[in-house]
Amino acid sequence: MGFERLEFSISQINMNGNCFIQTGRTLVIGICLFISTQYVAAQEIDLLLKGGHVIDPKNKISAKMDIAIHKGIIQKVASNISEKGAKKVVDVSRMLVSPGLIDIHTHVFTGPNAGFGHGSSSVMSDDFTFRAGITTVVDAGTSGYKTFPLFKEQIIDRSRTRVLAYLNVFAPGMVGTAAEQEDMQALKIEEADQTIKKYSDNIVGVKIGHYSGKDWKPFDAAAALAHANGRPLFVECHITEFSLEDQLNHMKSGDIITHAYENVSERMPVVDENGMVRPFVLDA
Ligand SMILES: [Zn+2]
């Protein structure tokens, strides 16, 4: 099924904090599907979305459906819900309707510095998420334990987008490879661990991404820190001295490697020159 570009426009509507409806020049309608099977009388519907193609993998739905919403909660999803008494009815018959999408690799720690960490290379999550059907982003290690409290106060707590984070194993976060690694000899794993535990609702993993040393200590420390907290290790592609195969050998099931198919100079992609997945990648 292809996405359609539409001229149709209604304003954004906040629902339940992280949920939203966004139409206008968008490709997807994102919406949180808290589906209740309870019967909803027509007069209890604040908003009725008519005729959209609902794609909801968790509930195994891919079909034309109506959605009834009341007090910000999705009350009913059915093939035909009466418009009678609904306070507002929106025809979404040319649109896809899905749970809010999650972007698992972003850098949203904006600020006055150069670069990503509290810097101008990061982007404001709310500026790109809702129009693309995204309701949750995961920031990929733009902050470390030293900067996470600032990131939380300035970005996480102030964004309408739900912002989760992989904590950078390097204390200052993404402040450029050289500066990041100044702390390499004194990895403060204990402090990072305390930060993960203190902000366990926000931090969903540990990231290592920019590292040019030959010592496996930070990589293995990041993995151990993640796994001890029941979270994945998130590995970006800027680790120049370790081969892809060796990196995978230091990771375990559930961990994440980024830029997997991209031909970056610092690490080979997971596929070979013929586009076939390399055998050692399949083994991992
Ligand atoms: Zn990244």
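Within helix 5, the buried positions are Pro218, Phe219, Ala222, Ala223, Leu225 and Ala226. These residues lie on the same side of helix 5, because they cover an arc of only 165° around the axis. On the other side of the helix, Lys217 and Ala228 are exposed. The structure described here is a predicted model.

Helix 5 lies across strand 13 and strand 14, and runs at about 175° to strand 13. Just after helix 5, Gly230 adopts a positive phi of about 70°.

In overall composition, the protein contains seven helices and 15 strands. Of its 284 residues, 37% are buried. Among contacts between residues at least 6 apart in sequence, 66% join residues that are at least 24 apart.

Six of the strands form an open sheet with parallel pairing, in the order 9-11-12-13-14-15. Strand 9 (101-106) and strand 15 (256-257) are the edge strands, each pairing on one side only. In general, strands of a sheet pair through backbone hydrogen bonds, either parallel or antiparallel. Strand 9 and strand 11 run parallel and are joined by four bridges; Ile102 stands opposite Thr136 of strand 11. Strand 13 and strand 14 also pair in the parallel sense, over five bridges, and Tyr211 stands opposite Ile239 of strand 14. Strand 14 is mostly covered, with six of its seven residues buried.

The largest nonpolar core consists of 37 residues, of which Tyr166, Leu167, Val169, Val206, Ala222 and Leu233 touch the most other members. At least two residues of this core are supplied by each of strand 11 (134-144), helix 2 (148-154), strand 12 (162-168), helix 4 (189-198), strand 13 (203-211), helix 5 (217-228) and strand 14 (233-239). Helix 5 provides the largest share, namely five residues. A second, separate core of 17 residues includes Ile45, Leu49, Ile69 and Leu96.

When residues up to four places away in sequence are not counted, Leu167 touches Gly141, Ser143, Gly144, Tyr145, Phe148, Ala192, Thr195, Ile196, Ile203, Val206 and Lys207. Among these partners, Gly141 is located in strand 11. Gly141 has 30 other C-beta atoms within 10 Å and is therefore buried, the threshold for this class being 20 or more. With residues up to four places away in sequence again not counted, Gly141 touches Tyr166, Leu167, Asn168, Gly173, Met174, Lys207, Gly209 and Phe234. Gly141 and Val235 are separated by 94 residues in sequence, whereas the distance between their C-alpha atoms is 9.7 Å.

In general, most residues other than glycine have a negative phi. His118 counts as buried, because it has 22 C-beta neighbours inside 10 Å.

His259, likewise not a glycine, has a positive phi of about 50°. The position of His259 is in the loop between strand 15 and helix 7 (279-283). With 17 other C-beta atoms within 10 Å, His259 is partly exposed, since that count falls between the limit of 12 or fewer for exposed residues and that of 20 or more for buried ones.

Definitions and conventions
Residues numbered from 1 in each chain as written. Predicted model: local features only at pLDDT ≥ 70, side-chain atom pairs only at ≥ 80, totals over all residues. Core = buried A, V, L, I, M, F, W, Y, C linked by C-beta atoms within 7 Å. Contact = placed C-beta atoms within 7 Å. Pairing = 2+ DSSP bridges. Axes fitted to C-alpha atoms, helices over the stretch in contact; angles between N-to-C directions. Arc of directions from axis to C-beta.
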